[in-house]
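Try each task before you read its solution.

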Amino acid sequence: MKVLRNYLNKIKPNFETGGKLSMFHSVFDGVETFLFVPNKTSKSGVHIHDCVDGKRTMSIVIMALMPALLFGMYNIGYQHYLAIGQESALWEMFLFGFLAVLPKLVVSYGVGLGIEFIVAQYKGHEVAEGFLVSGILIPMIMPIDTPLWMLAIATAFAVIFAKEVFGGTGYNIWNVALIARAFLFFAYPSKMSGDQVFVRTNDSFGFGAGSVTDAFSGATPLGQVTAATTNNVQLHDAIGNPLAYWDMFIGLIPGSIGETSKLAILIGALILLFTGVASWKAMLSVFAGGMLTALLFNQIGSTPTMMVSPLEHILLGGFAFGAVFMATDPVTSARTEAGKYIYGFLIGVFTVLIRVLNPGYPEGMMLAILFMNSFAPLIDFYVVDANIKRRSKRAIVKSNAE
């Protein structure tokens, strides 16, 4: 690393004011600060000095996402070979999934970072670190068969209209990755739901062809619940075998790339909580709100979706992934401590409400988070306002007592 540091120091004057490549200062700064902790210090005022800057924080989030991403790659291969009725080794399943996911990561980062660099150059600003996480989240919340051109359009739309028009990283109102998914869901619904988008049955990598079994169904468990006609729903995998809670927890079910394994998500949650990057208050409140709402529907249930248990709501779909990695977004979530409880609880409530009451949309986490993103500033306002009023009353009581 010392050799790289010396090389960057050598070429750095070319990118500074007056250098022959000064027009690309933002590009150089983005690369340098990604590789090394900035050595800038404050010269006046009171500041807290810390080596953990925004890019280091984003790196921790990416580290926390790795278990879910790696298992998602394996699960893609597992679902593929299960659907075609062919046995395969663990490494073949993982390699199949890796080759399926890699182009999506390249497109997401290529389009998103490309736009960020262009905007930074145009404005003469530093390249923000926010898309380091959004770039990996966008593919992880998509079905595996999402076409690359759609992913590119959705990424561009999200970065431009959900981020840059608001001023860039730190100013966006809505979660960028969820805006990308919402764009595709409403623009191309057939590519974001149904039986054919969550399990890749075609073998385009030369691992050996197989025929899809007659009983194949790529519908997610939540999709199976929505399509059920009786309250006693038996969830099954791609070829009709019954699913156990253990399968749902490990993640051997159809679903978006990064959302299936609750074990991997739990590992990521522990990393975020141990490092202090994410708030346990918002995270815990999402689960509390969802479970209590599910229990309420279980008591008055008359449809299959009303009878889904609290545990199944957590184990199915993107509930756990959204609670851990989306609801805790420091930019778009509530900032006050009391507000985090309210914000997270309402996300859990609205997620289950959407799942139960909207038969056309079995997943509810995306819309619930985006809805609460809009109200996070209002929640913080009333929390702060209530605190001011309480302090004012205490001050009046104290002055009267004196």
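**Exercise 1.** Decide whether Arg-200 is buried or exposed, and find its polar partners.

*Solution.* Step 1: Arg-200 has a relative accessible area of 12%. Buried means under 20%, exposed over 50%, and partly exposed in between, with a 1.4 Å probe and protein chains only, so Arg-200 counts as buried.

This is a predicted model, where local features need pLDDT of at least 70, side-chain atom pairs count only at pLDDT 80 or more, and totals for chains, interfaces and linings use all residues. Residues are numbered from 1 along each chain as its sequence is written, and side-chain values use heavy atoms, without hydrogens and water.

Step 1: Arg-200 sits in the loop between helix 7 (176–187) and helix 8 (221–227). Helices are DSSP runs (H or I, at least four residues), numbered from the N terminus.

Step 2: The side chains of Arg-200 and Asp-145 make a polar contact of 3.0 Å. Such a contact is a pair of N or O atoms within 3.5 Å; within protein, one must be able to donate a hydrogen and the other to accept it, and residues adjacent in sequence count only if both atoms are side-chain atoms. A polar atom of the Arg-200 side chain also lies 3.4 Å from the backbone oxygen of Ile-144.

**Exercise 2.** Work out how many residues of helix 5 are buried.

*Solution.* Step 1: Find helix 5 at 131–140. Step 2: Count its covered positions: 10 of its 10 residues are buried. Among them are Phe-131, Val-133, Gly-135 and Met-140.

Terms used:
Helices (H or I, at least four residues) and strands (E, at least two) are DSSP runs, numbered from the N terminus.
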